[in-house]
Structures are given as structure tokens and as C-alpha cells.
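Q: I've got a new model open and want a quick tour. Can you walk me through what is there?

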Amino acid sequence: MDIFLTMAIGNQNGFCSDTANIWQLVGYVLLVFKIVIPIILIIMGILDLGKAVVASKSDEVKKATSSLAMRAVAAIAIFLIPTVIGVIMGFVSDFSEVKDDYEVCKSCITSPRKKTCATKAKAAWQ
């Protein structure tokens with residue numbers, strides 16, 4: 001309970017700066033999901049299509065082709081979700097009272113591998 005009382009939201013030493021490590025972990029998870037899940041979906045679709053082609057049944061080939069198309073659309077959507085979230089978060093950045101604190105969260109989620117997250121969090125502590 002004390003931790004929530006000591007964190008100020010909306011300044012450079014706020015909530016996002018205090019929890020920068022958590023936001024960086026969230027950024028890594030999103031990065032992995034953004035890459036791994038679409039690859040898995042496409043590989044599964046290709047395997048299903050390959051099985052259907054080997055079976056030489058036109059109904060199965062048709063079903064596997066539509067399944068591959070739906071999985072490709074899902075893979076593209078999953079790949080673009082972080083970009084859409086980044087655009088939505090960009091709209092929030094116009095609020096001046098939370099901008100400094102928000103920049104720490106945004107840099108940790110969108111670029112967890114870059115040093116900007118650690119730099120912003122460290123600068124907020126000084």
C-alpha cells in the first residue's frame with residue numbers, strides 16, 4: 001500500500017519511472033509475440049495445406065487454403081497490433097500533465113531493447 005502512496009502520477013518521477021522494469025518486460029513479451037505467433041500460424045497453415053495436397057482431395061485442399069488465408073490474416077493482424085497500440089499511445093502524449101511520465105512507459109513498451117527505456121527511467125530518478 002505504501003508504494004502506491006509514494007508514487008506520483010504525471011511527473012517525471014512518477015508511476016512509469018518507478019515501474020520501468022515491468023514496462024520493459026511487457027515490451028519484451030510484446031516483441032516476442034509480435035514475431036513468434038505469426039510465424040507459428042503461417043507454418044501451421046502451410047503444414048495443413050501440405051497434408052491436404054498430399055491427400056489429393058479437392059474438398060480438403062479448398063478447406064486448407066481458406067484456413068491458410070485466415071491464419072495469414074490473423075498473423076498480419078497480430079503483427080500490426082503493437083503498431084496500432086503505439087499510434088493510440090501517441091494520441092495520449094498530447095496531455096502535458098502526464099507527458100514526462102508517459103514517455104518512460106512508451107519507450108519501455110515500444111523499444112525495450114534500446115537504452116532509451118533505461119535512460120529515461122534513470123533520468124527520472126535523478
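A: Start with confidence: pLDDT is the predictor's confidence in each residue, from 0 to 100. This is a predicted model, and pLDDT stays under 50 over residues 1-11.

Q: How many contacts beyond four places in sequence does the model have for residues 1-11?
A: The model has 15 such contacts for residues 1-11. Where pLDDT is low, the predicted coordinates should not be read in detail.

Q: What is the mean pLDDT of the protein?
A: The mean is 76, and 75% of the residues reach 70 or more.

Q: Where is confidence lowest, and where is it highest?
A: Helix H1, residues 2-6, is lowest at a mean of 42. H3 is highest, at 86.

Q: OK, the fold. How many helices and strands?
A: Six helices and zero strands. Along the sequence the pattern reads α-α-α-α-α-α.

Q: What share of the contacts join residues at least 24 apart?
A: 61%, counted among contacts between residues at least 6 apart in sequence.

Q: And how much of the protein is buried?
A: Buried residues make up 24% of the 126 residues. The protein exposes about 8700 Å², and carbon and sulfur atoms supply 71% of that area.

Q: Which residues make up the largest nonpolar core?
A: Six residues: Cys16, Ala20, Val104, Cys105, Cys108 and Cys117. Helix H5, residues 99-110, gives the most to this core, with three residues.

Q: What does cysteine 105 touch?
A: Cysteine 105 touches Cys16 and Trp23, leaving aside residues up to four places away in sequence.

Q: What about glutamine 24: buried or exposed?
A: Glutamine 24 counts as buried, because its relative accessibility is 18% and the cut-off for buried is under 20%. Glutamine 24 sits in helix H3.

Q: Which residues does glutamine 24 touch?
A: Cys108, Pro112 and Cys117, again leaving aside residues up to four places away in sequence.

Q: Let's go to glycine 14. Where is it?
A: Glycine 14 is in the loop between H1 and helix H2 (15-18). Glycine 14 is buried, with a relative accessible area of 0%.

Q: How far is glycine 14 from tyrosine 102?
A: 9.0 Å in space, C-alpha to C-alpha. In sequence, glycine 14 and tyrosine 102 are 88 residues apart.

Q: Now the surface. Which residues form the nonpolar patch?
A: Leu25, Val29, Val32, Phe33, Ile35, Val36, Ile39, Ile40, Ile43, Met44 and Leu47. Together they have about 960 Å² of accessible area.

Q: Pick isoleucine 43. What is its relative accessibility?
A: Isoleucine 43 is at 46%, so it counts as partly exposed. Its place is in helix H3, residues 20-55.

Q: And valine 73: buried or exposed?
A: Valine 73 is exposed, at a relative accessible area of 55%. It lies in helix H4, residues 58-92.

Q: How far is valine 73 from leucine 41?
A: Their C-alpha atoms are separated by 9.7 Å. Along the chain, valine 73 and leucine 41 are 32 residues apart.

Q: Switching to charges. How many salt bridges?
A: The structure holds two. Arginine 71 pairs with aspartate 48, with the closest N and O atoms 2.9 Å apart. This pair links distant parts of the chain: arginine 71 is in helix H4 and aspartate 48 in helix H3, 23 residues apart.

Q: Is aspartate 48 buried, exposed or in between, and what is the value?
A: Aspartate 48 is partly exposed, at 28% relative accessibility.

Q: Which residues meet in the salt bridge at 3.9 Å?
A: Lysine 57 and glutamate 60, through their side chains, with that distance taken N to O. Lysine 57 is partly exposed, at 49%. Glutamate 60 is also partly exposed, at 37%.

Q: Last one. What is the phi of serine 56?
A: Serine 56 has a positive phi of about 60 degrees, although it is not a glycine. Most residues other than glycine have a negative phi.

Q: Where is serine 56 found?
A: Serine 56 is in the loop between H3 and H4. Serine 56 is exposed, with a relative accessible area of 62%.

Methods. Residues numbered from 1 in each chain as written. Predicted model: local features only at pLDDT ≥ 70, side-chain atom pairs only at ≥ 80, totals over all residues. Heavy atoms only, no water. Patch = residues over 30% accessible without salt bridge, like charges linked within 9 Å, V, L, I, M, F, W, Y side chains within 5 Å. Areas by Shrake-Rupley, 256 points an atom, 1.4 Å probe, with all protein chains shown as cover. Salt bridge = Lys/Arg side-chain N within 4 Å of Asp/Glu carboxyl O. Helix = DSSP H or I, 4+ residues; strand = E, 2+ residues; numbered from the N terminus. Buried < 20%, exposed > 50% of the residue type's maximum accessible area, 1.4 Å probe, protein only. Core = buried A, V, L, I, M, F, W, Y, C linked by side-chain atoms within 4.5 Å. Contact = heavy atoms within 4.5 Å.
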